[in-house]
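Here is a friendly briefing to read with the sequence and the 3D view side by side. Take a moment to turn the view around before you start.

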Amino acid sequence: MARQKLYKFAANAKAKNVLEAGKPLFETIKGNWHTFFENSSPIVLELACGRGEYTTGLAQVYPDKNFIGIDIKGDRIWKGSTFAQENNLQNVAFLRTLIHDLEKFFAEDEVSEIWLVHPDPRPKKKDAKRRLTHPRFLDSYRKIVKNEGILHLKTDNTGLYEYSLEVLKTQKIENLVQTADLYESPLYDLHHGITTRYEKQFTKEGHKIKYLQCRLLK
Ligand SMILES: C[S@@+](CC[C@H](N)C(=O)[O-])C[C@H]1O[C@@H](n2cnc3c(N)ncnc32)[C@H](O)[C@@H]1O
């Protein structure tokens with residue numbers, strides 16, 4: 001394995017803000033996130049967080065909320081974890097796991113909001129089940145999110161955006177707002193000026209950034 005990766009994995013193993021397999025908290029954190037953060041502030045997830053730009057960016061905008069970035073790739077999480085430590089962001093944590101396993105780590109109603117920021121679009125029809133706005137994922141989000149909890153999706157991908165809007169038509173939701181061109185939309189402020197590595201690349205290639213937000217009802 002590349003030395004850089006080994007270095008990052010070793011840093012994650014020591015970092016208090018990274019929860020991953022092998023650490024005792026990884027097994028016991030479900031239902032205990034408020035104890036972990038030592039406050040009762042709302043808990044916000046960024047799924048498929050990559051380097052955690054939204055997790056750390058939103059944590060700076062909203063110091064009165066707790067942010068957890070979730071991704072399976074430890075070397076990406078390392079970037080966000082390191083940024084949070086260097087900037088003393090006590091309201092940030094990273095969880096290294098598959099998103100399929102969310103219910104193992106969060107109790108019913110433990111979460112207030114979920115962000116999906118440029119998740120893999122999975123354009124092939126046979127991969128629809130792996131899209132993070134597929135009904136099976138929405139079902140698991142609904143279990144851990146409080147009633148009327150907020151779901152955000154930001155994507156450059158027209159196929160994923162349109163698919164997600166179609167799926168949401170079949171779901172118990174309210175207050176859906178959407179735009180196919182966030183940068184030119186009155187909703188622009190909802191992006192908080194945070195651009196991820198993928199977003200910079202996609203906008204450079206000329207893709208418009210799409211955004212939707214809704215409340216998930218039980
Ligand atoms: C296209 S990248 C986007 C990363 C980041 N949100 C951004 O905008 O830069 C997708 C990320 O999702 C993660 N990912 C994809 N499927 C996943 C899954 N089922 N569970 C956990 N992470 C996943 C990948 O490891 C990758 O970091």
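## Strand 3 and its neighbours

D71 has R96 in strand 4 as its bridge partner. From strand 3 the chain crosses through helix 5 to strand 4, and this β-α-β crossover is right-handed (with the strands pointing away from the viewer, the path from the first strand over the helix to the second runs clockwise). This is a predicted model, in which local features need pLDDT of at least 70 and side-chain atom pairs count only at pLDDT 80 or more, while totals for chains, interfaces and linings use all residues. Residues are numbered from 1 along each chain as its sequence is written. Helices (H or I, at least four residues) and strands (E, at least two) are DSSP runs, numbered from the N terminus.

**The whole protein**

- The protein contains nine helices and eight strands.
- Its C-alpha trace spans about 40 × 40 × 35 Å along the principal axes.
- A compact globule with 218 residues would have a radius of gyration near 17 Å, and the protein has 17 Å, so the two agree; the radius is taken over C-alpha atoms, and the globule rule is 2.2 Å times the number of residues to the power 0.38.
- Of the 218 residues, 36% count as buried (a residue is buried if 20 or more other C-beta atoms lie within 10 Å of its own, exposed if 12 or fewer, and partly exposed in between, with C-beta atoms placed from the backbone).
- Among contacts with a separation of 6 or more, 75% come from residues 24 or more positions apart; two residues are in contact if their C-beta atoms, placed from the backbone, lie within 7 Å.

**The sheet**

- In what order do the eight strands of the open sheet lie? The order is 1-4-3-2-5-6-8-7, with mixed pairing (two strands pair if DSSP finds at least two bridges between them).
- Strand 1 and strand 7 (173-179) are the edge strands, and each pairs on one side only.
- Strand 3 pairs with strand 4 in the parallel sense over five bridges, and I68 stands opposite A93 in strand 4.
- Strand 2 and strand 3 (residues 66-71) run parallel and are joined by five bridges.
- Two facing pairs here are L47 with I70 and L45 with I68.
- The chain gets from strand 2 to strand 3 through helix 4 (residues 53-61), in another β-α-β crossover that is right-handed.
- Strand 2 also has four bridges to strand 5 (residues 111-117), again running parallel, and V44 stands opposite E113 there.

**What is covered**

- Why is strand 2 (residues 43-47) largely enclosed by the rest of the structure? Four of its five residues are buried.
- In strand 3, six of six residues are buried.
- In a regular strand the side chains alternate between the two faces of the sheet.
- On strand 3 both faces are covered, with N66, I68 and I70 buried on one side and F67, G69 and D71 on the other.

**The nonpolar core**

- The largest nonpolar core has 43 residues, and those touching the most other members are L45, I68, L95, V111, I114, W115 and Y141 (such a core is a set of buried Ala, Val, Leu, Ile, Met, Phe, Trp, Tyr and Cys residues joined through C-beta atoms within 7 Å).
- Strand 5 gives the most to this core, with five residues.
- Leaving out residues up to four places away in sequence, Y141 touches I114, L151 and L216.

**Helix 5**

- Helix 5 (residues 74-86) has 13 residues that should span 18 Å at 1.5 Å a residue, and its end C-alpha atoms are 18 Å apart, which agrees; the expected span is 1.5 Å times one less than the number of residues.
- Its buried residues are R76, I77, W78, G80, S81 and A84.
- They pack against helix 1 (3-14), strand 1 (18-19), helix 4, strand 3 and strand 4 (92-96).

- N88 lies in the loop between helix 5 and strand 4, and has a positive phi of about 50° although it is not a glycine.
- Is N88 buried or exposed? N88 counts as exposed because it has 7 C-beta neighbours inside 10 Å.
- H192, in the loop between strand 7 and helix 9 (197-204), is a residue other than glycine with a positive phi, near 60°.
- With 13 C-beta neighbours inside 10 Å, H192 counts as partly exposed.
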